[in-house]
Amino acid sequence: MATASVAFKSREDHRKQLELEEARKAGLAPAEVDEDGKEINPHIPQYMSSAPWYLNADKPSLKHQRKWKSDPNYTKSWYDRGAKIYQADKYRKGACENCGAMTHNVKSCMERPRKIGAKWTNKYIAPDEKIETFELDYDGKRDRWNGFDPSTYTRVIEKYEAREEARKKYLKEQQLKKLAVKNSKQHREGGAIEDDEDDEDALKVDEAKVDESKQVDFAKVEKRVRTTGGGSTGTVRNLRIREDTAKYLLNLDVNSAYYDPKTRSMREDPLPDADPNEKFYEGDNKYRNSGQALEFKQMNIHAWEAFEKGHDVHMQAAPSQAELLYKNYKIIKEKLISKSKETILEKYGNAATEENISKELLLGQSERQVEYDRTGRIIQGQEEVIPRSKYEEDVYINNHTSVWGSWWKDHQWGYKCCKQTIRNSYCTSAAGIEAAEAAADLMKENMERKEAAQDMPVQAEEKRLASWGTDVSHDLVLDEKRLAEALKKEEKKMKEEKNERKRKYNVKYEDEVTAEDMEAYRLKRVHHDDPMKDFLH
């Protein structure tokens with residue numbers, strides 16, 4: 001019974017609470033009051049008016065919605081720049097070794113590094129800085145003008161005013177000079193000269209130049225830069241002067257240099273035949289292969305090669321490191337080149353120098369003394385050693401008595417002992433030379449005979465050849481009857497070859513071939529170079 005009554009009581013309280021809230025919203029009941037005695041608006045939603053459980057709020061309150069974390073340490077003030085506290089007369093222990101101030105060490109000292117620090121000179125001790133420690137509030141952290149001194153802007157205004165006064169003074173002096181020249185010219189000529197408006201325009205040129213400085217941002221274009229979904233904007237400046245002709249209008253020929261409108265690039269020269277002194281644009285490749293662009297390209301290549309050899313270099317990830325390594329590489333390379341050059345000059349000397357050659361080198365003299373007898377043998381001293389190369393010398397292979405390359409003929413190297421041009425061949429000595437000379441003589445004779453045969457007039461009847469390739473003898477006598485039979489036989493054979501169905505099963509071929517058969521075959525066969533061969537059938 002007790003539990004039921006408690007449950008009922010809680011339900012009853014909840015119902016009363018809801019009725020009271022409805023009455024307050026309707027204005028029939030007074031509004032609730034919080035801890036500070038302020039009325040709570042009954043129209044505030046429950047999810048805003050109800051405090052979180054961890055605050056353990058017993059009474060209705062809106063304290064959790066207010067800025068309840070108010071720290072008295074928060075401030076909007078700024079550091080007092082350049083403020084000094086105390087200046088000592090002599091160096092103190094633990095102070096900066098460079099300037100003598102107690103508020104910092106040598107590493108964080110902002111003064112000029114002295115040749116001898118204040119620790120040792122004990123002079124010109126710098127005053128201690130004013131150190132302030134305070135925490136900025138939300139607005140103070142985000143205020144971009146926090147700490148700005150408006151009085152510093154007066155210097156900028158004074159600078160511009162002084163420049164404007166100097167400009168006006170200069171223009172006035174120029175105008176007075178022109179008027180003086182004009183008056184002197186009038187006195188010389190003895191007559192009045194009409195005023196020229198060009199003089200006034202010339203004086204206004206400088207003013208126009210000054211106005212141009214205000215139009216620096218005439219080509220400023222705001223556009224989205226490197227944003228995928230659209231976000232930060234960047235400034236892109238068009239560096240081309242609007243009065244200049246655009247690069248794609250320099251040559252309107254369709255087949256001229258290609259212009260890419262997306263990247264606004266034209267790699268080739270649009271006017272390759274024009275005078276280079278009159279051209280102001282020679283294509284993007286001109287700038288790509290000159291100046292700092294070429295150096296940047298070489299630095300990129302060096303970074304790739306260094307990465308392949310195991311060095312941790314990346315041009316995009318660490319550009320400063322890559323540039324420093326490239327500079328060190330160039331210095332080391334120059335040192336190596338100069339060192340190798342010096343060693344070569346020390347070893348072999350420099351023929352371009354004006355120094356006189358020593359007598360020992362000039363006459364081949366030396367302090368080494370060698371004594372010979374009448375036969376040329378050495379009695380005293382040591383014979384001069386002939387320098388030898390690293391390759392094997394005086395090695396003769398395949399019975400040769402000379403090395404390969406000791407003989408040269410008709411643009412070919414060979415052996416001198418046998419005059420052969422085939423390398424690693426066996427030496428044939430004098431017999432091989434005789435055989436080679438005989439073969440050359442025979443080749444010459446054959447060439448002469450061939451040239452003589454070509455020069456002689458040849459009759460058409462003597463040109464007749466038999467099927468086996470030999471010349472037909474002039475005294476050959478053929479039987480007319482047998483020749484007619486051989487011709488008929490050849491025609492029959494040709495018909496059988498064309499139509500294989502007419503050929504009999506028992507075909508007999510005669511092995512004996514007579515001169516008439518050969519003549520019939522020669523007369524009936526089709527020559528490939530015959531112009532009438534297509535009309536025979």
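A residue is called buried when its relative accessible area is under 20%, exposed when that area is over 50%, and partly exposed in between, using a 1.4 Å probe and protein chains only. By that rule Y415 is buried, with a relative accessible area of 3%.

This is a predicted model, in which local features need pLDDT of at least 70, side-chain atom pairs count only at pLDDT 80 or more, and totals for chains, interfaces and linings use all residues. Residues are numbered from 1 along each chain as its sequence is written, and side-chain values use heavy atoms, with hydrogens and water left out.

Start with the whole protein. Its secondary structure comes to 14 helices and 10 strands. These are DSSP runs numbered from the N terminus: helices are H or I with at least four residues, strands are E with at least two. Of the 537 residues, 14% are buried. The protein exposes about 48200 Å², and carbon and sulfur atoms supply 52% of that. Such areas come from the Shrake-Rupley method with a 1.4 Å probe; for residues, only the protein chains shown count as cover. A contact means heavy atoms within 4.5 Å. Among contacts with a separation of 6 or more, 36% are between residues 24 or more positions apart.

Next, the nonpolar interior. A nonpolar core is a set of buried Ala, Val, Leu, Ile, Met, Phe, Trp, Tyr and Cys residues joined through side-chain atoms within 4.5 Å. The largest one has seven residues: M299, A303, A306, V313, M315, A322 and Y326. Helices α9 (292–308) and α10 are the elements that give two or more residues to this core. The most comes from α9, with three residues. Apart from this core lies another, of five residues, including C96, C99, A101 and C109.

Look again at Y326. Its relative accessible area is 8%, so Y326 is buried. Leaving aside neighbours within four places in sequence, Y326 is in contact with Q298, M299 and H302.

The structure holds six of them. The rings of Y326 and Y329 form a stacked pair, because their centres are 6.4 Å apart and their planes stand at 25 degrees. Rings of Phe, Tyr and Trp (its six-membered ring) pair if their centres lie within 6.5 Å; planes under 30 degrees apart count as stacked, over 60 as edge-to-face and the rest as tilted. Y326 and Y329 are three residues apart in helix α10 (residues 319–348), so about one helical turn separates them. Y329 is partly exposed, with a relative accessible area of 37%.

W404 and Y415 make an edge-to-face pair, because their ring centres are 5.3 Å apart and their planes are at 70 degrees. This pair links distant parts of the chain, 11 residues apart: W404 is in the loop between β8 (378–380) and β9 (407–409), and Y415 is in the loop between β10 (412–414) and α12 (429–455). W404 is partly exposed, at 29% relative accessibility.

Now turn to charge. The structure holds 12 salt bridges. Each is a side-chain nitrogen of Lys or Arg within 4 Å of a carboxyl oxygen of Asp or Glu. One of them joins D128 to R92, with the closest N and O atoms 3.1 Å apart. It links distant parts of the chain, 36 residues apart: D128 lies in the loop between α3 (118–121) and β4 (135–136), R92 in the loop between β3 (74–75) and α3. D128 is buried, with a relative accessible area of 9%.

E164 and R167 form another salt bridge, with the closest N and O atoms 2.5 Å apart. Both lie in helix α5, three residues apart, about one turn of the helix. E164 is partly exposed, at 32% relative accessible area.

Helix α5 (residues 153–189) also holds Y160. Y160 belongs to a nonpolar surface patch with W145, F148, Y153, V156 and I157, with about 640 Å² of accessible area together. Patches are made of residues with over 30% relative accessible area and no salt bridge: like charges are joined within 9 Å, and nonpolar side chains (Val, Leu, Ile, Met, Phe, Trp, Tyr) within 5 Å.
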